[in-house]
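Subject: Model handover and notes

Hello,

Here is the model for you to look over. My notes come after it.

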Amino acid sequence: MRVPVIAGDAFPAPAVPGQGAVPATGITVAAVRTALPPHRYAQDDLVEPIGDLCLRPGADRAVLRRLHASAGVRTRHLALPIERYASLGDFGQSNDAWMAVGLELGEQALTGALRGAGLEPADVDLLVCASITGIAAPSLDARLAGRVGLRPDVKRLPVFGLGCVAGAAGISRLHDYLCGHPDDTAVLLTVELCSLTLQQRDHTRANLVAGALFGDGAAALVARGSSCGIGSNAGPSVVATCSHLYPGTEQLLGWDIGANGFRVVIDAGIPGIVRDHLGRHVRAFLAGHGLTTDDIETWVCHPGGPNVLSAVSDTLGLPADALDSAWRSLARVGNMSSVSVLHILQNTWQFHRPEPDTWGLLMAMGPGFCTELVLLRW
């Protein structure tokens with residue numbers, strides 16, 4: 001199957017660099033591309049099929065309908081036609097579908113991003129591949145290497161467990177690598193087929209929320225070191241990054257893994273953690289580089305859901321339209337876990353390109369519970 005490329009404090013503050021000049025960057029984003037499966041559905045058309053999968057026959061569907069109506073999602077792309085999900089009898093079958101569709105989407109995103117950067121697969125020195133919705137050994141990156149023409153000596157780093165934060169954390173790790181290898185080209189590939197983790201006959205609120213919120217897709221980002229030539233259409237530079245774990249919050253978000261595969265954990269306390277603590281961490285990070293939230297012209301924020309986006313806006317005191325890019329992505333494709341923040345970055349670059357020499361902040365949250373901040377200069 002071929003798919004199209006589409007466009008008082010319980011927690012200590014993170015350590016930040018000393019005040020002063022912004023450090024030199026080690027990475028420039030050369031291209032970002034998103035690939036979405038061809039099975040696109042209006043949110044209203046998914047309510048009853050998902051109810052058939054998750055609820056017992058005859059169960060009241062009022063809560064399910066409210067969750068779909070309040071998720072902030074209008075359309076989503078699914079890995080398979082919706083009628084196929086009932087035939088996925090166990091985790092093995094779901095994981096096989098993740099492998100087949102993930103390879104197709106991953107290839108489309110990876111080759112599309114390289115074309116956008118004017119590069120060939122043989123130019124890639126490092127490939128970081130993140131997914132939390134399936135498992136494989138050899139990993140997706142190894143299976144894609146020969147398929148797309150990567151060099152036999154390409155460095156590979158498959159990543160599992162970061163979840164929604166992996167898009168931002170992956171950029172941070174490319175930055176770390178390219179600071180030490182300024183002549184190299186590095187690629188981040190994220191593949192998330194969230195619909196394949198939906199648990200049949202599981203009417204828990206977390207499973208129903210996931211069934212209303214998440215979509216499927218893949219994205220690839222190409223970055224180049226400071227010694228590489230960058231064209232006039234290059235994207236932002238990464239100036240600095242910051243990772244932060246919140247102690248005692250491991251139970252808030254992630255998977256319970258059992259015989260039926262990945263059973264989602266989404267705690268209702270997540271927006272409160274964001275509202276109470278994210279603002280202080282963002283301000284401390286920016287202050288370490290002589291900046292405030294008023295200096296940030298472009299916000300690229302993972303769309304964890306309406307309550308999370310509202311909490312981000314509240315804790316940072318943002319203007320009403322600051323997170324419009326996240327709200328638009330959520331409405332058009334749902335929450336695609338680690339893919340979403342790259343999808344938003346691509347759309348920002350293509351359709352709402354920031355003015356040169358302005359600041360941006362890319363951020364995401366994920367299991368741990370954790371946050372990742374990436375300071376951008378356009």
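This is a predicted model: local features need pLDDT of at least 70, side-chain atom pairs count only at pLDDT 80 or more; totals for chains, interfaces and linings use all residues.

Residues are numbered from 1 along each chain as its sequence is written, and side-chain values use heavy atoms, with hydrogens and water left out.

Strand E1

Helices (H or I, at least four residues) and strands (E, at least two) are DSSP runs, numbered from the N terminus. Two strands are taken as paired if DSSP finds at least two bridges between them. E1 runs antiparallel to strand E7 (residues 216-224), with 7 bridges joining them; in that pairing, Thr-28 has Arg-224 as its bridge partner. E1 also pairs with strand E8 (residues 237-245), again in the antiparallel sense, over 2 bridges, and Ile-27 stands opposite Val-238 there.

Annotated span

UniProt, in an unreviewed entry, places the feature "domain: Chalcone/stilbene synthase C-terminal" at residues 240-377. UniProt positions are given in the numbering used here, feature names are shortened, and annotations may be inferred rather than shown by experiment. In the model, this span is 38% helix and 29% strand, and its end C-alpha atoms lie 10 Å apart.

Cavities

The search used a 1 Å grid over the protein atoms alone: a cavity is a set of points where a 1.4 Å probe fits but cannot get out, a pocket is an open set with protein on both sides within 12 Å along at least five of seven lines, and lining residues have an atom within 4 Å of a point. Grid points are joined across faces, edges and corners, and a volume is the space filled by probe spheres set on the points. For residue classes, Ala, Val, Leu, Ile, Met, Phe, Trp, Tyr, Cys and Pro count as nonpolar, Asp, Glu, Lys and Arg as charged, and the others, Gly among them, as polar.

The largest cavity holds about 330 Å³ of space. Its lining has 25 residues, and those nearest the centre are Cys-194, Thr-197, Ala-210, Phe-214 and Trp-255. By class, the lining of the largest cavity divides into 16 nonpolar, 8 polar and 1 charged.

The second largest cavity has a volume of about 50 Å³. Its lining consists of Ser-325, Arg-328, Ser-329, Arg-332, His-343, Asn-347 and His-352. Helices H9 (324-333) and H10 (339-351) each give two or more of these residues, and H9 gives the most, with 4.

About 650 Å³ of space lies in the largest pocket. Of its 25 lining residues, Val-209, Leu-213, Ile-266, Gly-304 and Asn-307 are the closest to its centre. H6 gives the most to this lining, with 5 residues. The classes are 17 nonpolar, 6 polar and 2 charged.

The second largest pocket holds about 330 Å³. It is lined by 17 residues, with Glu-297, Thr-298, Trp-299, Asp-321 and Ala-322 nearest its centre. E11 (296-301) and H9 each give two or more residues to this lining; E11 gives the most, with 4. The lining divides into 6 nonpolar, 6 polar and 5 charged residues.

Regards
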